[in-house]
Amino acid sequence: MKVTGIIAEYNPFHNGHLYHLNQSKELTGADYIIVIMSGDYTQRGTPAIFSKYVRAETALLLGADLVLEMPVYGAVSAAPDFAACGVSGLSASGICNFLAFGSESGDITRLKKQAEISSAETIEQSERIREGLKNGLTWPAARARALAESAPSDGVLASSPNDILAVEYLNSLKKCASSMEPVTFRRTDYGYHSEERSGAFASATAVRKAVLEKNMNFVEATVPAELLECLAKEACPPITFDDFSLLLSAQILEASLADLEQTAGMPKDLGGKLFREKLSFLPASELTAARKDRQYTYSRVNRCLLNFMLGITKEDEQKFKELDFVPWLRILGFRKDAGPLLSELKKQTSVPVITKTADARFLLSGKSYELFEKHLKTAELYRLACSLKSGYTMKNEFTRPILIV
């Protein structure tokens, strides 16, 4: 049995993701594809635009055999921890032979060289990063320049978002001594942040923009029909961070300075700014824009605000890491013909597998169960936003059945 793993967000699922699934299966000769997918919240620090169940069902209809939900603590984190969570989850399954991912370069040799360079930051590189920050660069840009100056003369450098994430996947594979073989291929769109369309392909950023602008010609040209069919069955409208603005402002209003500073990923000075200006009551997107500066990127501020709203603390973050980023594997759905895959997973996995939410209290204990309970609470906050926006009460995490297609 050959099994290929994919780490994804599918925010939302578009034609580039379908190409990714097909290429992953073709290049590895896989019998099965396992996807570990961000659930209700994403790595860029915002709620997913559509329900995780819509996104998971679309993936299953289009080639994935099993979809696992990434715990919120890994999903809402910077690239190194996001990658570590995804890689650890697939490795813990005990059955993945390959890790397949798209990249701007499409060159695994180049990415492996960059991974070697970035895996251990030198004193000289740290000094160059500080110089870059003083000169007005953002932290990612300053770090990229420092690494570029340390790169070999062949110009090896991962500077685009997906290449940077690919490098983190490679570093994570090495750190957890995973036996999965990495496989990459070139992305089909103009780039991570591009809002342009290339035939039937566009970035998730462009598709989200079209969805929110109700530009259905763009949407229908760039997403599979199966996504639209799944959306038609699910009473969940597009969700943005601004749909949580009232909740976020109310929590900031009630928070102490210590509460803010204890939030996962929250720098002390950013927590202080939020505390001093707690009466501003800005929409979530405007609050992020107001706090973004050369030191803190838009995504980092988003993650801090989202972690605060969800109640995820630095202590939670530490517990999650102590459990090697994989306290459990939670199945969102699978294909009917994936029986052999599920049987092998149950035999080989090194962590508890959750198929029914109510069973978690019997399968987990201590720190793992504490984290799972908080994970469920974050899911219910997303369901609350969906219900308030749509006027329809969605099923909760205990009554929602596992997806079988």
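Reply: Proline 12 is found in the loop between strand 1 (3-8) and helix 1 (15-28); helices (H or I, at least four residues) and strands (E, at least two) are DSSP runs, numbered from the N terminus. The model is predicted, so local features need pLDDT of at least 70 and side-chain atom pairs count only at pLDDT 80 or more, while totals for chains, interfaces and linings use all residues. Residues are numbered from 1 along each chain as its sequence is written, and side-chain values use heavy atoms, with hydrogens and water left out.

Two other loops hold a residue with a positive phi. Phenylalanine 281, in the loop between helix 14 (268-276) and helix 15 (284-291), has phi near 50 degrees, a positive value in a residue other than glycine. Its relative accessibility is 49%, so phenylalanine 281 counts as partly exposed (buried means under 20% relative accessible area, exposed over 50%, partly exposed in between, with a 1.4 Å probe and protein chains only). Aspartate 324 sits in the loop between helix 17 (314-322) and strand 8 (329-334), and its phi is near 60 degrees, again positive in a residue other than glycine. At 52% relative accessibility, aspartate 324 counts as exposed.

Glutamate 234 belongs to the loop between helix 11 (225-233) and helix 12 (245-254). With a relative accessible area of 15%, glutamate 234 is buried. Apart from neighbours within four places in sequence, glutamate 234 is in contact (heavy atoms within 4.5 Å) with Ser51, Val54, Met394 and Arg400.

Now the helices. The axes of helix 4 (residues 79-93) and helix 8 (residues 161-175) come within 8 Å and cross at roughly 55 degrees; axes are lines fitted to C-alpha atoms, for helices over the stretch in contact, and angles run from 0 to 180 degrees between N-to-C directions. Helix 4 and helix 8 are therefore oblique to each other (under 35 degrees counts as roughly parallel, over 145 as roughly antiparallel, 65 to 115 as roughly perpendicular and the rest as oblique). From helix 4, the contact uses Ala79, Pro80, Phe82, Ala83, Ala84 and Val87, and from helix 8 it uses Leu165, Glu168, Tyr169, Ser172 and Leu173. These residues divide into 9 nonpolar, 1 polar and 1 charged, where Ala, Val, Leu, Ile, Met, Phe, Trp, Tyr, Cys and Pro count as nonpolar, Asp, Glu, Lys and Arg as charged, and the others, Gly among them, as polar.

Beyond neighbours within four places in sequence, leucine 66 has contacts including Ile33, Ile34, Val35 and Phe334.
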